[in-house]
Amino acid sequence: MGHAPHTPTPRAPQLTHFLGLSLVTPASRPRLQAALEAFRDTARNDKELNIPEAVAKHAIRPVDTLHLTLCTFSLSDKEPEKLQEVISHLKEIDLKKLLQE
């Protein structure tokens with residue numbers, strides 16, 4: 001009795017772009033900065049967490065980079081029609097209306 005041949009699962013395309021909303025506003029900045037600093041201190045100093053220092057130092061990004069990722073894309077210069085389709089859809093989004101709902 002033989003085994004059925006293994007068919008490799010095709011790899012998902014590499015993600016190249018994302019659409020995100022910044023979480024930083026003049027009103028949110030002080031609280032986000034304080035929370036991020038507290039998190040950074042905990043990550044660096046709490047030995048029970050066992051986070052390597054290099055990870056704690058480089059993985060925690062500056063406050064201005066905090067965002068909410070809405071979606072990701074796999075876009076290539078080799079598929080200009082796909083890129084134009086994505087751009088067209090993004091231009092149709094009524095962001096103000098979306099955020100009010």
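Modeller: Let us begin with burial: 12% of the 101 residues of the protein chain count as buried, where buried means under 20% relative accessible area, exposed over 50% and partly exposed in between (1.4 Å probe, protein chains only). This is a predicted model, in which local features need pLDDT of at least 70 and side-chain atom pairs count only at pLDDT 80 or more, while totals for chains, interfaces and linings use all residues. Residues are numbered from 1 along each chain as its sequence is written, and side-chain values use heavy atoms, with hydrogens and water left out.

Colleague: What is the radius of gyration of the protein chain?

Modeller: The radius is taken over C-alpha atoms, and the globule rule is 2.2 Å times the number of residues to the power 0.38. A compact globule of 101 residues would come near 13 Å, but the protein chain has 21 Å.

Colleague: Which elements does the protein chain contain, and in what order do they run?

Modeller: Helices (H or I, at least four residues) and strands (E, at least two) are DSSP runs, numbered from the N terminus. The protein chain has 4 helices and 2 strands, in the order β-α-α-β-α-α.

Colleague: Where do the buried residues of α1 fall, seen down its axis?

Modeller: In general, an α-helix has 3.6 residues a turn, so residues three or four places apart point the same way. In α1, the buried residues are L36, R40 and A43. They fall within an arc of 65°, so they line one face of the helix; the arc is that of the directions from the helix axis to the C-beta atoms. On the other side of α1, P30, R31 and N45 are exposed.

Colleague: How many salt bridges does a search of the whole structure find?

Modeller: A salt bridge is a side-chain nitrogen of Lys or Arg within 4 Å of a carboxyl oxygen of Asp or Glu. The search finds 1, in which the side chains of R29 and D64 meet at 2.7 Å, N to O. The pair links distant parts of the chain, 35 residues apart: R29 belongs to helix α1, and D64 to the loop between α2 and β2. R29 is partly exposed at 35% relative accessible area, whereas D64 is exposed at 52%.

Colleague: Is S74 buried or exposed?

Modeller: S74 is buried, with a relative accessible area of 17%. Its position is in the loop between β2 and α3, and the S74 side chain reaches the backbone oxygen of Q14 at 2.9 Å.

Notes
A polar contact is a pair of N or O atoms within 3.5 Å; within protein, one must be able to donate a hydrogen and the other to accept it, and residues adjacent in sequence count only if both atoms are side-chain atoms.
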